[in-house]
Amino acid sequence: MFRRLNQALPGLLFGILLYALVIQFTGIWFVEDKIRYSSGLWIGAFTAMAMACHIARVIAETIDFPDAQKARMRITAKGILRYVGVIVVFAVTMYYDLGNLVTLFLGVMGLKISAYLQPALHKAIMKVTGKGGVS
């Protein structure tokens, strides 16, 4: 399903997961409240993964729009909706004390980190698996 949405999406999701694992295993040793640290991080990582899937779906839906102005408006509206969703996740996490907000933020930033590292990660995966492909 993910590959059908976007060729780069599986690599992006893998990068978010890998980033979250690195943050999890490096930071867990330095905090007192390990449960809130971990739950905040993973809520953020899953939010980043949901954002990546949403972005891919919006791009797939609007790529063939005949009217460029309507496509631009749709992309803008969906982007605003996505960020409102992130604010809701932060608010719910804070209100119910579900996790650490700093690690939640770090988890959400996994989308940016993964996007920047995706070309290098794709090259490394292709080298290990021996398969060619488009980045």
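Phe14 sits in helix 2, residues 9–27. By helix I mean a DSSP run of H or I at least four residues long, and by strand a run of E at least two long, both numbered from the N terminus. This is a predicted model, where local features need pLDDT of at least 70 and side-chain atom pairs count only at pLDDT 80 or more, while totals for chains, interfaces and linings use all residues. Residues are numbered from 1 along each chain as its sequence is written, and side-chain values use heavy atoms, with hydrogens and water left out.

Back to Phe14. Its relative accessible area is 38%, so Phe14 is partly exposed. The cut-offs are under 20% for buried, over 50% for exposed, and partly exposed in between, with a 1.4 Å probe and protein chains only. Leaving aside residues up to four places away in sequence, Phe14 touches Leu121 and Ile125. A contact here is heavy atoms within 4.5 Å. Phe14 and Leu81 lie 67 residues apart in sequence, and their C-alpha atoms are 24 Å apart.

Now the overall picture. The protein has six helices and zero strands. Along its principal axes, the C-alpha trace spans about 55 × 40 × 20 Å. Of the 135 residues, 33% count as buried. Among contacts with a separation of 6 or more, 65% are between residues 24 or more positions apart. The protein exposes about 8900 Å², and carbon and sulfur atoms supply 71% of that. Accessible areas come from the Shrake-Rupley method with a 1.4 Å probe, and for residues only the protein chains shown count as cover.

Next, salt bridges. The rule is a side-chain nitrogen of Lys or Arg within 4 Å of a carboxyl oxygen of Asp or Glu. How many are there by this rule? The count comes to four.

Take Asp97 and Arg36, whose side chains meet in a salt bridge at 2.9 Å, N to O. This pair links distant parts of the chain: Asp97 is in the loop between helix 4 and helix 5 (101–108), Arg36 is in helix 3 (residues 34–62), and they are 61 residues apart. Asp97 is partly exposed because its relative accessible area is 47%. Arg36, at 28% relative accessibility, also counts as partly exposed. Asp33 joins Arg36 and Asp97 in a network of salt bridges.

Glu61 has two partners to go through. With Arg57, the closest N and O atoms of the salt bridge are 3.4 Å apart. Arg57 and Glu61 are four residues apart in helix 3, so about one helical turn separates them. With Arg74, Glu61 forms a salt bridge whose closest N and O atoms are 2.8 Å apart. That pair links distant parts of the chain, Glu61 in helix 3 and Arg74 in helix 4, 13 residues apart. On accessibility, Arg57 is partly exposed at 37%, Glu61 is partly exposed at 32%, and Arg74 is partly exposed at 30%.

Last, the surface. Which residues make the nonpolar patch of about 720 Å²? They are Ile80, Val84, Val88, Val92, Tyr95, Tyr96 and Leu98. Patches take residues with over 30% relative accessible area and no salt bridge, joining like charges within 9 Å and nonpolar side chains (Val, Leu, Ile, Met, Phe, Trp, Tyr) within 5 Å. Val92 from this patch lies in helix 4, residues 68–95. At 35% relative accessibility, Val92 counts as partly exposed.
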